[in-house]
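Please read the following briefing alongside the sequence and the model, with attention to charged side-chain pairs and to strand pairing.

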Amino acid sequence: MNYKTLLSIITISFFYNSLFSQEHQMFTNGRLILGTYKERTASVSSADIDGDGDHDILVANGRHWPGQNRIFINNGRGIFTVEKNLGLNKSTTYATEIADLDNDGDLDIAVGNDMAPNYIFLNDGKGNFTRGTAFGENYAPTRNLTLTDLDKDGDVDILIINRGKTNQICLNNGDGTFTKTINFGSQKDSTIDVEVADMDNDNDLDLILANRDLQQNYVYLNNGNLEFKDKIPFGTGKDNTRSLNVADINKDGILDIITANISEQNVIYFGSKRKDFSTALVFDTSLMNSYSLSTADIDSDNDIDIIVGNYGKPNVIFYNSNKGQNWTRKQLSKEGLNTYDIITSDINNDGLIDIIEANSDGINRYYLNRIKK
């Protein structure tokens with residue numbers, strides 16, 4: 001090993017050790033907002049929509065009432081100085097999710113609406129969108145969308161969560177059209193969120209469902225043919241789960257389930273080689289109305305932290321230590337907004353994970369992650 005290589009390794013090691021040892025703080029101000037609107041915002045997503053190397057933000061508005069979905073274009077420094085409407089019509093939108101749906105190398109948008117048709121919007125490569133085909137049932141109570149290649153054929157499929165109606169998997173034909181639909185769950189399910197991951201290590205993707213209205217939460221196991229006959233329960237069986245996430249919290253190589261609940265404690269259910277989730281840990285005892293959560297390494301210490309979005313109360317970061325056995329609680333701000341969604345993204349390209357809130361009837365705000373000096 002030559003001197004320059006050794007010096008480079010020492011420099012990189014010093015940088016990361018310094019990064020891990022320093023305190024992070026989440027910063028916001030009156031400029032770090034997504035427009036000046038107070039709308040019925042239901043969710044938010046982030047990706048490089050216009051192909052210029054930074055992350056833009058897509059805001060879903062409406063819920064039960066028609067609202068205008070909006071795209072906010074990043075100027076490269078984490079400031080959003082250009083705004084575009086998505087589509088000509090206002091919609092009862094709960095979810096706008098981003099992926100390359102027509103396999104042309106740019107990012108498209110799937111829009112999920114409450115009791116109105118769901119549509120694809122196709123990107124011209126520069127962040128300009130044309131409405132494409134509809135997908136799923138025309139008039140269903142859609143609450144959430146998840147985009148992933150569920151059938152492993154090289155294109156992105158769409159999972160539709162319908163509260164109080166059968167959930168659907170819409171399989172992509174490869175060009176952003178969806179003519180085959182598979183149902184999962186039942187019409188009695190009050191499903192509000194779903195995550196997709198290989199929970200039983202058999203190289204296919206399973207479904208992890210969050211149910212409201214005191215219903216049992218389940219992991220639906222994929223048999224490899226998109227049949228989900230076997231399911232594993234988790235939780236008490238009478239939870240009011242609003243959101244969930246999947247991550248290896250305790251770093252044992254097995255995926256865990258993190259739940260955000262309404263008027264209940266928020267809980268981690270640890271996966272095991274037994275393929276059950278009987279070991280649980282309460283990380284949040286507050287009994288708030290937690291509507292959303294996200295997971296990321298906020299403090300750059302190489303483990304997964306949890307960010308919880310609450311309705312009417314301050315949002316909170318829970319910092320992980322001791323492989324998920326100890327949690328340090330820190331409020332994101334003093335505001336008690338109606339946060340329907342909370343996500344993470346490196347907005348200003350500095351290598352640190354930032355946080356974005358979707359607030360119904362409030363300003364949509366984001367927080368830049370900074371190392372405290």
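A salt bridge here is a side-chain nitrogen of Lys or Arg within 4 Å of a carboxyl oxygen of Asp or Glu, and by this rule the count comes to 9 salt bridges. This is a predicted model, in which local features need pLDDT of at least 70 and side-chain atom pairs count only at pLDDT 80 or more, while totals for chains, interfaces and linings use all residues. Residues are numbered from 1 along each chain as its sequence is written, and side-chain values use heavy atoms, with hydrogens and water left out.

**Salt bridges**

- Arg143 forms a salt bridge with Asp114, with the closest N and O atoms 2.8 Å apart; Arg143 lies in strand 10 (residues 142-148) and Asp114 in the loop between strand 7 (108-113) and strand 8 (118-123), so the pair ties together parts that are 29 residues apart in sequence.
- Both Arg143 and Asp114 are buried (under 20% relative accessible area, against over 50% for exposed and in between for partly exposed, with a 1.4 Å probe and protein chains only).
- Glu137 and Lys165 also meet through their side chains in a salt bridge (2.6 Å, N to O).
- Glu39, Arg70 and Glu83 are linked in a network of salt bridges.

**Strand pairing**

- Strands are DSSP runs (E, at least two residues) numbered from the N terminus, and two of them pair if DSSP finds at least two bridges between them.
- An open sheet of 4 strands has the order 18-19-20-21, with antiparallel pairing; strand 18 (241-247) and strand 21 (279-284) stand at the edges with a single partner strand each, so one side of each is left without a neighbour in the sheet.
- Strand 20 (residues 266-270) is joined to strand 21 by 5 bridges, and Val267 has Val282 in strand 21 as its bridge partner.
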